[in-house]
Amino acid sequence: MINLLLVIVLTSLFYYFYLMQKEKIFSYLSDNLNKEILDAKFVIKKYLAKDEDLDEIRPFYDRLVLKSELIKGILLKKENKTILISGNIDKLKNIIIYKERLKFSDILKFNIIKIPIKIYSNNKYTNYTIYLFLNKEVIKSLVEDLKLKFVFVYLFILIILFSIENYLVNKFIVKPLIKLKNFSKKLETEPKNLKIKEFNEIKTSLKQSFDKLEMTINDLYKTTLTDYLTRLGNRKFLEKSVKELINKNEKFCMVFLDLDNFKEINDYYGHSVGDELIIKISEILKEFIKEDEIISRVGGDEFVLILKGCDDKTYINNRLNKLLNQLNRRWVLRDYEIKTSVSMGVSIYPDNAIIYEELLKKSDIALYESKSRGKNSVTFFDDMLEVKVKKEFIIKNDLVKALEKNDFSLYLQPKVDMTGKIVGCEGLIRWIKNNQIIPPNEFIPIAEKSGLILKIGEWVMKKSFDIVKEFQNDEDLKNIKLSFNVSPLQFKCENFLLNLEKIKEFANMLEIEITESVFIEDKKKAKEIIEKIHNLGFKINLDDFGTGYSSLSVLKEFDIDYLKIDKAFIDDIMSENGMVFVKTIVNMSKSLSIKTVAEGVESKEQFNILKNIGVDVYQGYLFSKPLPKEEFIKFVKSYTFNL
């Protein structure tokens with residue numbers, strides 16, 4: 001744009017000067033020609049008026065032709081008779097008659113100038129005519145030369161100006177802009193001595209932007225190392241810190257800490273309450289660690305502590321057990337009373353591993369073991385744990401495949417009343433792998449830890465529904481009620497009640513078996529779920545009563561239909577203390593209108609004692625072991641019991 005403007009201005013100026021110069025030159029040439037014409041007229045009048053010989057005139061005209069650039073020839077006529085010729089002449093055409101003065105435009109336009117002259121001599125007028133033949137080639141050459149000179153000068157000056165402009169633009173605009181560009185890309189340092197004010201303003205603005213950007217980057221970097229909720233270090237911070245300790249070759253313990261059953265807290269009370277709980281836990285952990293120790297939050301309810309003093313394992317164990325006791329408590333958050341406990345796994349550098357990833361993996365394995373031992377405990381990693389975890393990992397993968405292939409079967413164990421009549425059965429899942437039955441105690445704990453118990457529980461529920469639906473078509477079976485087990489995890493899952501809703505058609509023939517552990521963490525929530533189960537028409541059996549954490553007071557707080565006395569007490573029924581304990585359970589149940597079921601009955605002696613105590617229903621190998629559905633049907637149809 002600048003170049004175009006420069007060309008326009010320069011062209012306009014040169015054209016103006018060209019016109020002025022052209023006018024001057026043409027005026028000069030015109031003046032000379034007019035003078036020569038006047039001279040030619042004057043000479044001829046002077047000589048002819050005196051009647052002098054023409055030979056006297058000829059030298060003058062010859063000199064005029066030789067001297068003049070514009071005149072190439074002269075023709076003199078008297079009347080119509082040629083009397084003198086000088087120089088080169090052409091045909092008489094393209095003639096202009098000279099009057100007072102010729103303009104240069106006339107000179108350019110015409111080839112011959114006609115000059116009429118009247119001479120008075122001898123008492124009479126004689127007409128003479130001078131023809132001046134113009135040298136058109138010279139005139140054209142002069143004009144072209146003028147143009148060429150101006151064009152050359154114009155181009156020369158244009159090149160000079162462009163060069164100067166290019167130099168100035170490069171020095172004061174392009175190079176500063178390149179420096180600013182490189183400065184903006186951090187390729188060069190801050191440019192100095194910029195001549196243009198606006199460029200200095202841009203530089204200042206860039207510098208301010210860079211300073212703000214650097215501050216933002218620093219803040220973002222800190223954010224990438226910080227947990228948004230607790231403001232503790234995050235997983236990235238942990239990795240960075242641990243690797244620094246490893247580089248220093250300092251011995252330390254990595255403690256992987258996880259809240260027990262936090263998912264259920266989130267699901268039931270909501271994530272906002274869960275977040276509040278995490279913040280409370282993090283505050284206790286901050287107070288727990290020492291100045292040179294590290295704490296980070298690496299997951300939803302997962303924390304990692306880096307502790308010093310690991311040469312004394314007993315000291316670390318005592319510290320962590322104190323922390324366990326601090327976190328094994330009840331919280332009141334938004335009018336909710338929430339019970340918490342934690343599990344911990346510990347690995348030691350360099351005893352267990354020498355790289356960060358392995359340390360984290362092994363502390364996680366130890367944590368997994370703490371969970372499997374009943375939670376609320378501390379486990380230190382050892383090689384046997386790794387072997388165990390690998391085995392459980394294989395079982396977990398096989399369980400996933402078994403669910404896909406439907407490799408499970410629901411076995412049925414009969415329940416009888418005091419008269420020996422079959423009144424129900426318990427559905428017990430069996431895993432058929434390679435034509436062999438894998439006992440539930442080998443895979444159920446793993447399914448519970450991995451969360452697969454939810455899918456297994458759904459399978460058991462649907463299978464139980466299908467069986468009682470099938471039994472309705474058989475007179476010998478249609479009154480037999482089927483109870484199925486529900487894990488604590490499944491009991492608290494939102495889908496549990498939705499799935500019950502789908503099978504409530506046979507709620508009067510299906511019973512739900514739960515354990516005391518469903519009451520441990522949140523009694524209020526457990527009561528709500530039990531009430532909804534009863535509203536759908538299902539009855540509830542409390543399984544393994546007396547072996548868990550609760551007491552007989554549970555029977556007063558919760559609406560239970562059947563209480564199943566654990567096999568451990570049935571085994572001890574022959575002793576006086578054992579009998580007293582069972583009597584106490586039965587009497588308490590009767591006072592609360594709860595029926596009792598004795599499981600694990602294996603002899604008639606046990607049956608008779610339990611019958612005398614007043615137990616309502618019996619289950620055990622005395623009557624039958626758990627059977628596949630087809631065998632159970634045959635058993636019912638051929639069953640007789642000799643009291």
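How many of the 643 residues of the chain count as buried? The share is 45%, where buried means under 20% relative accessible area, exposed means over 50% and partly exposed covers what is in between (1.4 Å probe, protein chains only). The model is a predicted one, so to speak of local features takes a pLDDT of at least 70 and side-chain atom pairs count only at pLDDT 80 or more, while totals for chains, interfaces and linings use all residues. Residues are numbered from 1 along each chain as its sequence is written, and side-chain values use heavy atoms, with hydrogens and water left out.

The chain holds 21 helices and 21 strands; these are DSSP runs numbered from the N terminus, with H or I over at least four residues for helices and E over at least two for strands. Contact is taken as heavy atoms within 4.5 Å. Of the contacts in the chain with a separation of 6 or more, 64% are between residues 24 or more positions apart.

Now to the inside. A nonpolar core is a set of buried Ala, Val, Leu, Ile, Met, Phe, Trp, Tyr and Cys residues joined through side-chain atoms within 4.5 Å. The largest one has 81 residues, and F491, F496, L500, I514, F519 and I533 touch the most other members. Helix α13 (residues 453-471) supplies the largest share of this core, nine residues. Apart from it lies another core, of 36 residues, including L259, I281, L307 and I316.

Helix α15 (residues 494-502) has F496, L497, N499 and L500 as its buried residues. They cover an arc of only 160° around the axis, so they sit on the same side of α15; the arc is that of the directions from the helix axis to the C-beta atoms. E494, L498 and K502, on the other side of α15, are exposed. The packing partners of the buried residues of α15 are α13, β16 (481-485), α14 (488-492), β17 (510-515) and α16 (523-535).

Helix α8 (residues 271-288) and helix α9 (residues 313-327) make a pair whose axes come within 11 Å and cross at roughly 155°. Axes here are lines fitted to C-alpha atoms, for helices over the stretch in contact, and angles run from 0 to 180 degrees between N-to-C directions. I281, I284, L285 and F288 of α8 meet R319, L320, L323, Q326 and L327 of α9.

Most residues other than glycine have a negative phi, and most peptide bonds are trans. The peptide bond from Y349 to P350, though, is cis, with omega near 5°, and P350 is in the loop between β11 (342-349) and α10 (356-372). E79 is not a glycine, yet has a positive phi of about 55°; its place is the loop between β1 (71-78) and β2 (81-87), and E79 is partly exposed at a relative accessible area of 43%. S593, also a residue other than glycine, has phi near 60°. S593 lies in the loop between α19 (576-591) and β20 (595-599) and counts as exposed at 66% relative accessibility.
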